[in-house]
Amino acid sequence: MSELPVRFDGDALQQRILVLRGERVMVDSDLAELYGVTTKRFNEQVKRNLERFPVDFMFQLTAEEKAEVVAKCDHLARLKFSPHLPRVFTEHGAIMAASVLNSPRAVEMSVFVVRAFVRLRQMLVEHVELAARLDELEARVARHDNSLSTLMATIRQMATPPATPSRQIGFVVDRQEKKQ
């Protein structure tokens, strides 16, 4: 396998995976660059094989989504003045695109893309587990805080002398009676 360009190490590729409409996707221009073809050629091949790209594999962005993506992603600034609305591809769509391109580079990179999506999925699962642990710890600390507050209030109440002296318990011997 050939070496990947520096710009497409695992972390850089993960940063190009966006979340749109609740799906993790990659923009057509990023996939084209990754697969070593022009965006125009990439989209031509997709158009020729539209039956291979159902809506859960690929969808076209709306003008509002395009503006949002361009604003959030510096590397997509070139799309700002493009008259075309970009397509985005889910993990399965990215794999299908590699099979449509049918070049050794595309096949090689499809494996890389799948690994990036899988790694991202694992990170999200770990993040969810970490969030659950933090919630549990926060609840436990809150219970301890309540218990400690109650304990401290009780200790303060016991340590505070009474406002009025209380009557002594027991017998009081009158000293004058004792002298007689």
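Angles between axes under 35 degrees count here as roughly parallel, over 145 as roughly antiparallel, 65 to 115 as roughly perpendicular and the rest as oblique. This is a predicted model, in which local features need pLDDT of at least 70, side-chain atom pairs count only at pLDDT 80 or more, and totals for chains, interfaces and linings use all residues. Residues are numbered from 1 along each chain as its sequence is written, and side-chain values use heavy atoms, with hydrogens and water left out.

**View 1. H2 against H3.**
Helices (H or I, at least four residues) and strands (E, at least two) are DSSP runs, numbered from the N terminus. H2 and H3 pack at an angle of about 105 degrees, and their axes are 8 Å apart; the two helices are therefore roughly perpendicular. For these values, axes are lines fitted to C-alpha atoms, for helices over the stretch in contact, and angles run from 0 to 180 degrees between N-to-C directions. On the H2 side, Asp-28, Ser-29, Leu-31, Ala-32 and Tyr-35 meet Thr-39, Phe-42 and Asn-43 of H3, where contact means heavy atoms within 4.5 Å. By class, four nonpolar, three polar and one charged residues make up this contact. Ala, Val, Leu, Ile, Met, Phe, Trp, Tyr, Cys and Pro count as nonpolar, Asp, Glu, Lys and Arg as charged, and the others, Gly among them, as polar.

**View 2. H3 against H5.**
Here helix H3 (residues 39–48) packs on H5 at about 95 degrees, with 10 Å between the axes, so this pair is roughly perpendicular. Phe-42, Gln-45 and Val-46 of H3 meet Ala-97, Val-100 and Leu-101 of H5. Five of the residues in this contact are nonpolar, one is polar and none is charged. Within H5 (residues 91–101), the buried residues are Glu-91, Gly-93, Ala-94, Ala-97, Ala-98, Val-100 and Leu-101. Buried means under 20% relative accessible area, exposed over 50%, and partly exposed in between (1.4 Å probe, protein chains only).

**View 3. The largest nonpolar core.**
A nonpolar core is a set of buried Ala, Val, Leu, Ile, Met, Phe, Trp, Tyr and Cys residues joined through side-chain atoms within 4.5 Å. The largest one has 25 residues, of which Leu-31, Leu-34, Tyr-35, Phe-42, Phe-53 and Val-113 touch the most other members. Two or more residues come from each of helix H2 (28–35), H3, H5 and helix H6 (104–159), with H6 giving the most, seven. Zooming in on Leu-31, its contacts beyond four places in sequence are Met-26, Phe-42, Phe-89, Ala-94 and Val-113. A second, separate core holds 12 residues, including Leu-18, Leu-20, Val-27 and Val-69.

Thr-90 sits in the loop between strand S4 (87–89) and H5. With a relative accessible area of 4%, Thr-90 is buried. Setting aside neighbours within four places in sequence, Thr-90 touches Glu-23, Arg-24, Val-25, Asp-56, Phe-57 and Phe-117.

**View 4. Arg-21, between two strands.**
Arg-21 belongs to the loop between strand S1 (18–20) and strand S2 (23–27). Most residues other than glycine have a negative phi. Arg-21, although not a glycine, has a positive phi of about 55 degrees. At 48% relative accessibility, Arg-21 is partly exposed.
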